[in-house]
Amino acid sequence: MATISGLSAAALHSLSPSDIDFLQSLPKAELHAHLNGSIPLQTLVDLAEHLTPSVDLTTGEMTETITRLRSGLTLNEISEFFPLFRTIYPLISTPSALGRITRDVLHSFLKAQTVPPIGFTYTPVPECTYIELRTTPRATAHMSKYTYLTTVLDEVEKFSAGQAALIVSIDRRMSEADAKECVDLAIALRTAGRRVVGLDLCGDPAKGDVTIFQKHFKRGKDAGLGVTLHIAEAKTSTTAESLALLDWRPDRLGHATFLSDEHKALFFADVLQPDSSSSSTIKPNSVQPWDPEHPSHVIYLAAYRRHLERIQEESTEPEEARRMLSYHLDADKGARRAALKDIEALSKRNGAVYKPCIEICLSSNLLTKSVKSLESHHIQYYLANDHPITICTDDTLPFRTTLLGEYALLLAKPPLGLGLSREQVQKIAAMSMRARFN
């Protein structure tokens, strides 16, 4: 039986039976679901009963975690979420336990449950039409990373290719060697005909140097794997890192909570891009990019600000010189030149429109307090700009939600939901199906 409470439950309770029937009828894809974060609570309880206490995990710690999950998590920030998995990993360290949780997670999404969640009376149907389950391969005393992946795939492939596939996640805390191994495995398994469809970059956003992974993600993309990246997930996520990750040109973006307007202007086609039919955006006797009327004005301003900041940070001029007008004029001139070069480069690169689908996880963002409210959620920007999005659960276990509950947050009237029309919600569901890697 699914567990749902809190924000998504309140939104679902507010809907009429007709509204719920409508949401259930929509073909929809779940494209951002972490295996270990989506384990049904009863499955976790069953595995815990057979736990052998160790130095890694005591019975008391496991009991405390299950109690917290049953009552619902209260988090002050996203960094408090990741330590929870320390108590889950020891429970799934064998192929049999891993196979069990994978089977139960897939069934929770793709099979109709026998009864609805407590407090609801609707007739359950499968939560989604299709799922791309993601997980980071872990070597344990009982299995290698290869065995981990093939164990998960054995369960995934019990469903048709139109129902389920696997994304291999690379944890940003990994060494480059470990990341290389995971990408090698993903490519080899895909080449062998196994249902691996993509790569994901995940993990604590405060950890690791993501730049060391770029060449390995490129190898995966060249081998036909889709690429999705957790990006700008926390307030501590840096501008430099987000710029670097966007430059990988991922197919989808996870969360993208703190992407700035400058990021969006520089990389997305939500604003009119430079004319790709011309070799240059700068034409004699025409409106220039620094003029508000120019179609690339927003992009130009974003690039100008970034380069001006860089020039000032890299300057070796003494403080006295920095107060001179000539210093600021030179910095301004340098930033303008660099911004114009960026526009020229973007004009060539953006011959094809770049609109990576954003994986939106409403309950996750609200419960980790990365956003304050639905009203201020970044989904509003993407809806306003007709940017592709997909609605996802992220981790159903700690966030106590379902995909139906997440869609209820779209349809329910404010303040319980966004108050979108049925037509808008149907369009979002269709976007999710188009964004599949399979």
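How many helices and strands are there in the protein chain? There are 18 helices and eight strands. Helices (H or I, at least four residues) and strands (E, at least two) are DSSP runs, numbered from the N terminus.

This is a predicted model, in which local features need pLDDT of at least 70, side-chain atom pairs count only at pLDDT 80 or more, and totals for chains, interfaces and linings use all residues. Residues are numbered from 1 along each chain as its sequence is written, and side-chain values use heavy atoms, with hydrogens and water left out.

## Whole chain

The protein chain has 438 residues, and 54% of them count as buried. Buried means under 20% relative accessible area, exposed over 50%, and partly exposed in between (1.4 Å probe, protein chains only). The accessible surface comes to about 19,400 Å². Carbon and sulfur atoms hold 53% of that surface. Areas come from the Shrake-Rupley method with a 1.4 Å probe; for residues, only the protein chains shown count as cover. Among contacts with a separation of 6 or more, 77% join residues 24 or more positions apart. A contact means heavy atoms within 4.5 Å.

## The sheet

Eight strands form an open sheet, in the order β1-β2-β3-β4-β5-β6-β7-β8, with parallel pairing. The edge strands are β1 and β8 (389-391), each pairing on one side only. Neighbouring strands of this sheet are turned by 25° against each other on average, direction ignored. Helix α9 (residues 239-246) packs on the sheet and touches β4, β5 (226-231) and β6 (252-255). The direction of α9 makes about 170° with that of β5. Axes are lines fitted to C-alpha atoms, for helices over the stretch in contact, and angles run from 0 to 180 degrees between N-to-C directions.

Strands of a sheet pair through backbone hydrogen bonds, either parallel or antiparallel. Here, two strands pair if DSSP finds at least two bridges between them. β1 and β2 (residues 130-135) are joined by four bridges in the parallel sense. In β4, Cys 202 is the bridge partner of Asp 171.

Six of the six residues of β1 are buried, so β1 is largely enclosed by the rest of the structure. Asn 36 lies in the loop between β1 (29-34) and α3 (41-49). Asn 36 counts as buried because its relative accessibility is 7%.

Helix α7 (residues 176-191) has 16 residues. From first C-alpha to last, α7 reaches 22 Å, close to the 22 Å expected at 1.5 Å a residue. The expected span is 1.5 Å times one less than the number of residues. Buried residues of α7 include Ala 179, Cys 182, Leu 185 and Leu 189. The buried residues of α7 pack against α6 (145-156), β3 (164-171), β4 (196-202) and α8 (214-222). Just after α7, Gly 193 takes a positive phi of about 95°.

## Cysteines

A search of the whole structure finds zero disulfides. A disulfide is a pair of cysteine sulfur atoms within 2.5 Å. Two cysteines are tabulated below.

| Cysteine | Nearest cysteine sulfur | Distance | Relative accessibility |
|---|---|---|---|
| Cys 182 | Cys 202 | 9.7 Å | 0% |
| Cys 357 | Cys 392 | 7.6 Å | 6% |
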